[in-house]
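Work through the following exercises with the model open. Each task is followed by a solution in steps.

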Amino acid sequence: MRISAVELRRVRLPLVAPFRTSFGTQTTREVLLVHVLADGAEGWAECVALEEPVYSSEYVAGAHAVITAHLAPRLLGADLTAEEVATLLAPVKGHRMAKAALETAVLDAQLRTAGTSLAAYLGATKTRVPAGVSVGIMASVPALLDAVESYLAEGYLRIKLKIEPGWDVEPVRAVRERWPDVLLQVDANTAYTRADAGHLARLDEYGLLLIEQPLDEDDVVGHALLARTVRTPICLDESIESVGDAVDAIERGATTVVNVKPGRVGGYLESKRIAAACAERGVAVWCGGMLETGIGRAANVALAALPEFTLPGDTSASSRYYATDLTAPFVLRDGHLDVPTGPGIGVDPLPDVLAEVTTGVEVIEG
Ligand code: OSB
Ligand code: MG
């Protein structure tokens with residue numbers, strides 16, 4: 001396929017409710033969409049970078065800039081396949097979220113041309129995937145219980161609570177007392193230190209599936225030490241940026257579950273390699289989320305349908321995030337989302353919605 005143009009489109013969507021984590025509160029989602037044109041085909045992808053570099057070093061304006069100046073020029077005009085994109089972009093260090101978006105857009109164009117769904121291409125074995133929901137830090141425990149109650153009423157099959165020092169044992173205890181059997185896990189987004197091991201062990205009595213990324217992303221050894229004190233399984237998110245990172249963390253005893261986010265690791269091809277490496281080592285994986293619109297969600301749901309993905313993911317319905325999604329909404333049926341079956345990612349942006357939320361478009365041509 002010859003890539004003739006890369007269109008970068010910035011959109012801004014209000015979230016249905018503020019989402020508070022230890023790294024800040026999101027009230028709107030600014031998103032960078034990548035649209036590639038190639039030999040009469042087109043492909044779409046969503047860059048998962050947040051507006052500010054507070055989850056990882058990448059951020060929307062930075063991803064936009066690196067694609068314009070350094071990544072798109074390496075693809076434009078070249079005759080390539082999606083499987084070659086990572087190698088062509090490898091001379092540029094880091095910027096995995098930006099690279100993932102380009103690779104996914106090229107892959108979408110390639111699969112649309114071939115008439116193959118992303119799910120089939122990746123080797124999906126499920127036609128629908130169980131949905132979990134990530135619940136932000138709330139102003140009070142009663143407010144949290146109300147939020148969890150409504151998500152459970154909608155049918156979500158697993159609850160993840162965001163935690164930070166001062167908002168951990170008390171909310172976990174309250175949710176567990178009210179729903180003794182619900183699948184429950186927590187995510188700290190690096191908010192704790194090695195000195196908090198004794199405190200985090202207090203979560204052990206609540207039967208959590210896992211504790212996600214308690215320590216700094218660079219502190220793999222710290223997670224291995226923590227795993228000696230805390231019985232709750234440790235799951236890494238921010239620390240894992242490649243299959244090499246995953247194998248290293250597993251071999252060091254730092255993680256027994258992995259949150260796979262395709263943007264964080266440079267794309268769906270690397271995600272598949274991580275899933276395989278984890279499965280070989282008896283480590284469960286699940287598909288994380290970055291508050292994606294329907295464009296990114298479609299591809300994540302395809303990945304979550306792979307056999308290695310044995311735990312419910314942060315793949316919630318469109319309505320958990322947006323009153324109006326960019327695509328036809330993903331809806332929860334019996335706690336599951338259907339895996340798209342159409343060619344490529346299997347969804348298209350709705351032109352009217354897209355026009356309404358677009359804040360800027362840049363076209364880069366070869
Ligand atoms: O750490 O998993 C995370 C959202 C933005 C950035 C990081 C994370 C999250 C979530 C929400 O937990 C996942 C989702 O529902 O998309
Ligand atoms: Mg996380």
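**Exercise 1. The metal site**

Which spacing along the chain do the donors of the magnesium ion (ligand 2) follow?

Solution. The model is predicted, so local features need pLDDT of at least 70 and side-chain atom pairs count only at pLDDT 80 or more, while totals for chains, interfaces and linings use all residues. Residues are numbered from 1 along each chain as its sequence is written, chains are lettered from A and ligands numbered from 1 in the order in which they are written, and side-chain values use heavy atoms, with hydrogens and water left out.

Step 1. Donors are N, O and S atoms within 2.8 Å of the metal (3.2 Å for Na, K and Ca); water is not among the atoms, so sites may look incomplete.

Step 2. Asp187 (OD), Glu212 (OE) and Asp237 (OD) coordinate the magnesium ion (ligand 2) at 2.0 to 2.3 Å. The spacing of the donors is D-x24-E-x24-D.

Step 3. Helices (H or I, at least four residues) and strands (E, at least two) are DSSP runs, numbered from the N terminus. Asp187 belongs to strand β7 (residues 184-187) and Asp237 to the loop between β9 (234-236) and α9 (243-251), so this pair ties together parts that are 50 residues apart in sequence.

Step 4. Asp187 and Asp237 are both buried, where buried means under 20% relative accessible area, exposed over 50% and partly exposed in between (1.4 Å probe, protein chains only).

**Exercise 2. A buried arginine**

Solution. Step 1. Helix α10 (residues 262-265) contains Arg264.

Step 1. Arg264 counts as buried because its relative accessibility is 4%.

Step 2. Contact means heavy atoms within 4.5 Å. Beyond its neighbours within four places in sequence, Arg264 touches Tyr55, Arg96, Met97, Asp237, Glu238, Ile240, Glu241 and Asn259. Asp237, one of these contacts, is also a donor to the magnesium ion (ligand 2).

**Exercise 3. Rings**

How many aromatic pairs does the structure hold?

Solution. Step 1. Rings of Phe, Tyr and Trp (its six-membered ring) pair if their centres lie within 6.5 Å; planes under 30 degrees apart count as stacked, over 60 as edge-to-face and the rest as tilted.

Step 1. There are 3 aromatic pairs. For Tyr151 and Tyr156, the ring centres are 5.7 Å apart and the planes are at 85°, so the pair is edge-to-face. Tyr151 and Tyr156 are buried.

Step 2. A charge sits over a ring if NZ of Lys or CZ of Arg is within 6 Å of the ring centre and within 35 degrees of the ring normal. The charged end of Arg158 sits over the Trp286 ring, 5.3 Å from its centre.

**Exercise 4. A loop residue**

Is Leu76 buried or exposed?

Solution. Step 1. Leu76 is in the loop between α1 (60-75) and α2.

Step 1. With a relative accessible area of 13%, Leu76 is buried.

**Exercise 5. A helix and its cover**

Which residues of helix α6 (residues 169-178) are buried?

Solution. Step 1. The buried residues are Val169, Pro171, Val172, Ala174, Val175 and Arg176.

Step 1. Their cover includes α5 (141-154), β6, β7 and α7 (197-200).
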